[in-house]
Amino acid sequence: NDDDIQEDETTKKSNQTVSGKVVGIIKRNWRQYCGSIAEEDINKPEKSDLVRFVAVDSKIPMIRIRTRQLDALSDKRIIVNIDSWDRFSSFPS
């Protein structure tokens, strides 16, 4: 009978699923990303201070950055940190 009870307890434990709910993020671990400014933004006829950064790692989404030095940064590799990512935005900034 003890064996039957132990088997029932292990069967109950294996059928249970662990679940949880994220209630808040205390600190984000943003990293630095290396890449360049998107070609489309460099070749645009109307110049804007908001441009898109394309990371070398293709898993990283485009990052929106603000710069007044577009001509100086156009053919260079740059390093970018993500400051924020708005909940409704496609790109972090």
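The questions and answers below go through a predicted model of one chain.

Q: What do the numbers and values in this model rest on?
A: Residues are numbered from 1 along each chain as its sequence is written. The model is predicted, so local features need pLDDT of at least 70 and side-chain atom pairs count only at pLDDT 80 or more, while totals for chains, interfaces and linings use all residues; side-chain values use heavy atoms, with hydrogens and water left out.

Q: How do you know where confidence is lowest and where it is highest in the chain?
A: pLDDT is the predictor's confidence in each residue, from 0 to 100. The mean is lowest in helix α1 (residues 2-15), at 59, and highest in strand β1 (residues 32-37), at 93. The chain averages 81, and 84% of the residues score at least 70. Where pLDDT is low, the predicted coordinates should not be read in detail.

Q: What makes a stretch of the chain a helix or a strand, and how many of each are there?
A: Both are DSSP runs, numbered from the N terminus: helices are H or I with at least four residues, strands are E with at least two. By that rule the chain has three helices and four strands. Their order from the N terminus is α-β-α-β-β-α-β.

Q: How do you know that β1 pairs with β4 and with β2?
A: Two strands pair if DSSP finds at least two bridges between them. Four bridges join β1 to β4 (residues 78-81), and these strands run antiparallel. One of the bridge partners is asparagine 81 in β4, which faces glutamine 32. Between β1 and β2 (residues 50-55) there are three bridges, again antiparallel. Here isoleucine 37 has phenylalanine 53 as its bridge partner, and serine 36 stands opposite valine 54.

Q: What makes β2 and β3 a pair?
A: They share four bridges in the antiparallel sense, and the rule asks for at least two. Arginine 52 stands opposite arginine 64 in β3.

Q: What is the strand order of the sheet, and why are β3 and β4 at its edges?
A: The open sheet of four strands has the order β3-β2-β1-β4, with antiparallel pairing. β3 and β4 each have a single partner strand, so one side of each has no neighbour in the sheet. The twist averages 55° from one strand to the next.

Q: Why are some side chains of β2 called buried?
A: Buried means under 20% relative accessible area, exposed over 50%, and partly exposed in between (1.4 Å probe, protein chains only). Across the 93 residues of the chain, 23% count as buried.

Q: How do you know which residues isoleucine 60 touches?
A: Contact means heavy atoms within 4.5 Å. Leaving out residues up to four places away in sequence, isoleucine 60 touches Arg31, Tyr33 and Ala55. Isoleucine 60 lies in the loop between β2 and β3. Its C-alpha atom is 8.5 Å from that of tyrosine 33, 27 residues apart along the chain.

Methods. Axes are lines fitted to C-alpha atoms, for helices over the stretch in contact, and angles run from 0 to 180 degrees between N-to-C directions.
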